[in-house]
Amino acid sequence: MNDRQKQGLALALTGAVLAALAIHPPKVLTAVYLAIERALVACAGVLLAAAGAAALLGLDAPHTAKEPDYTIDYADDAGEL
């Protein structure tokens, strides 16, 4: 077997294993996936709740911007935009 055939065989076997795990994952892998998903959703929920509470209490960042450095005045009577 040459190197190209070995690489092709390795890719085919790896793909078959990944497909088999995706179609019928073992219980341990499913438990790990669910634990990670729960942790991510819990963190997102806590962050959203904290942001909402801060907004309701007025502790969020002020929505004031600095004055612009310059403005463009358009003359309506001259017909220019």
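Helices in these legends are DSSP runs of H or I with at least four residues, numbered from the N terminus.

**Figure 1. Overall extent of the predicted protein chain.** This predicted model has a secondary structure of 2 helices and 0 strands. The radius of gyration is 29 Å, well over the 12 Å that the globule rule gives for 81 residues, so the protein chain is more spread out than a compact globule. Along the principal axes, the C-alpha atoms occupy a box of roughly 80 × 40 × 20 Å.

**Figure 2. Surface and charge of the protein chain.** Of the 81 residues, 0% are buried. The accessible surface amounts to about 7,700 Å², and carbon and sulfur atoms contribute 68% of this area.

**Figure 3. Helix α1 around L13.** Helix α1 spans residues 3-23 and includes L13. The relative accessibility of L13 is 53%, so this residue counts as exposed, the cut-off for that class being over 50%. Between L13 and I36 there are 23 residues along the chain, and their C-alpha atoms lie 27 Å apart.

**Figure 4. Helix α2 and the residue that follows it.** Helix α2 comprises residues 27-57. With 31 residues, α2 reaches 44 Å from its first C-alpha to its last, which is close to the 45 Å expected at 1.5 Å a residue. After α2 comes G58, which has a positive phi near 80 degrees.

Figure 5. When neighbours within four places in sequence are left aside, A54 is in contact with L59 and D60, contact being heavy atoms within 4.5 Å. I36 and A54 are separated by 18 residues in sequence, and the C-alpha to C-alpha distance between them is 27 Å.

Key
Residues numbered from 1 in each chain as written. Predicted model: local features only at pLDDT ≥ 70, side-chain atom pairs only at ≥ 80, totals over all residues. Heavy atoms only, no water. Rg over C-alpha atoms; globule rule 2.2 N^0.38 Å. Buried < 20%, exposed > 50% of the residue type's maximum accessible area, 1.4 Å probe, protein only. Areas by Shrake-Rupley, 256 points an atom, 1.4 Å probe, with all protein chains shown as cover. Lys, Arg positive; Asp, Glu negative; His and termini not counted. Charge placed at Lys NZ, Arg CZ, Asp CG, Glu CD. Expected span 1.5 Å × (residues − 1).
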